[in-house]
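Please read these notes beside the coordinates.

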Amino acid sequence: MKKTGTLNAQLARVLAELGHGDSIVIADCGLPIPPGVERIDLALTPGIPSFVDTLQVVLSEMQVEHAVMAEEVRRFNPRATQCAVELQEAGIGVRLISHTDFKALSKGARAVIRTGEATPYANVILFSGVVF
C-alpha cells in the first residue's frame, strides 16, 4: 500500500508520466471534457473535493512551469482568483485567456481532473516544468 502522496492511482500515474510542457487540467464539475482526453473523475458531491484542495495536492507533487485560467474568473470567482494570485506569488506565471479559448486549449491536455467544485470558472491548466 502506498504510504504518502496521491492515493488515487489514476492521478498518481498521470503525474508520474508528465514530461516537460505536458499539461493537465483541474476542473470544476461543469467543464466539458474533450473527447479523447483522459478523465480522472474525483467528484463525489457538489463541493467535494474542492478545486482548492485538489490544486494543493497536485501542486505538492507536480513541478509547474506556468498555468492558464479563464479571464472570466476575475469577475465571477474570488476564491479561484485568489488561487491565481497565490500561484504567481509562488513563482508560477498565470496567463488569463477567454473561457472559449481555455476549453479549446484543454483539448491538448494529458488529462482532466474533474473535481466536485460547483463555482463558476474554477478551472486551471497546469503546464509541467522540469526539476533540474
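Which residue in β5 does Ile26 stand opposite? Ile26 stands opposite Ile113.

1. Basis. This is a predicted model, in which local features need pLDDT of at least 70 and side-chain atom pairs count only at pLDDT 80 or more, while totals for chains, interfaces and linings use all residues. Residues are numbered from 1 along each chain as its sequence is written, and side-chain values use heavy atoms, with hydrogens and water left out.

2. Sheet. An open sheet is formed by 6 strands in the order β2-β5-β1-β6-β3-β4, with mixed pairing. Strands here are DSSP runs (E, at least two residues) and helices likewise (H or I, at least four), numbered from the N terminus; two strands pair if DSSP finds at least two bridges between them. β2 and β4 (93–97) are the edge strands, each pairing on one side only. On average, neighbouring strands of this sheet are turned by 20 degrees against each other, direction ignored (axes are lines fitted to C-alpha atoms, and angles run from 0 to 180 degrees between N-to-C directions). β1 and β5 run parallel and are joined by 4 bridges.

3. Main core. The largest nonpolar core has 28 residues, of which Ile24, Phe51, Val58 and Leu126 touch the most other members. Such a core is a set of buried Ala, Val, Leu, Ile, Met, Phe, Trp, Tyr and Cys residues joined through side-chain atoms within 4.5 Å. Buried means under 20% relative accessible area, exposed over 50%, and partly exposed in between, with a 1.4 Å probe and protein chains only. At least two residues of this core come from each of α1 (9–17), β1 (23–27), α2 (51–61), β3 (64–70), α4 (78–89), β5 (111–114) and β6 (124–128).

4. Leu126. Beyond its neighbours within four places in sequence, Leu126 has contacts (heavy atoms within 4.5 Å) that include Ile24, Ile26, Leu55, Val58 and Leu59. Asp22, Ser23 and His66 are also among the residues that Leu126 contacts.

5. His20 is found in the loop between α1 and β1. Leaving aside neighbours within four places in sequence, His20 is in contact with Glu65, Ser128, Gly129 and Val130.

6. Arg13 and Glu38 form one of them, at 2.4 Å, N to O. This pair links distant parts of the chain, with Arg13 in helix α1 and Glu38 in strand β2 (residues 38–41), 25 residues apart. Another joins the side chains of Arg114 and Asp41 (3.0 Å, N to O). Arg114 lies in strand β5 and Asp41 in strand β2, so this pair ties together parts 73 residues apart in sequence. Arg114 is partly exposed at 21% relative accessibility, as is Asp41 at 38%.

7. Remaining charged groups. Arg79 and Glu86 meet in a salt bridge at 3.7 Å, N to O. Arg79 is partly exposed, at 37% relative accessibility, and Glu86 is also partly exposed, at 34%. Through salt bridges that share partners, Arg13, Glu17, Asp22, Glu38 and Arg110 are joined into one network.

Conventions
A salt bridge is a side-chain nitrogen of Lys or Arg within 4 Å of a carboxyl oxygen of Asp or Glu.
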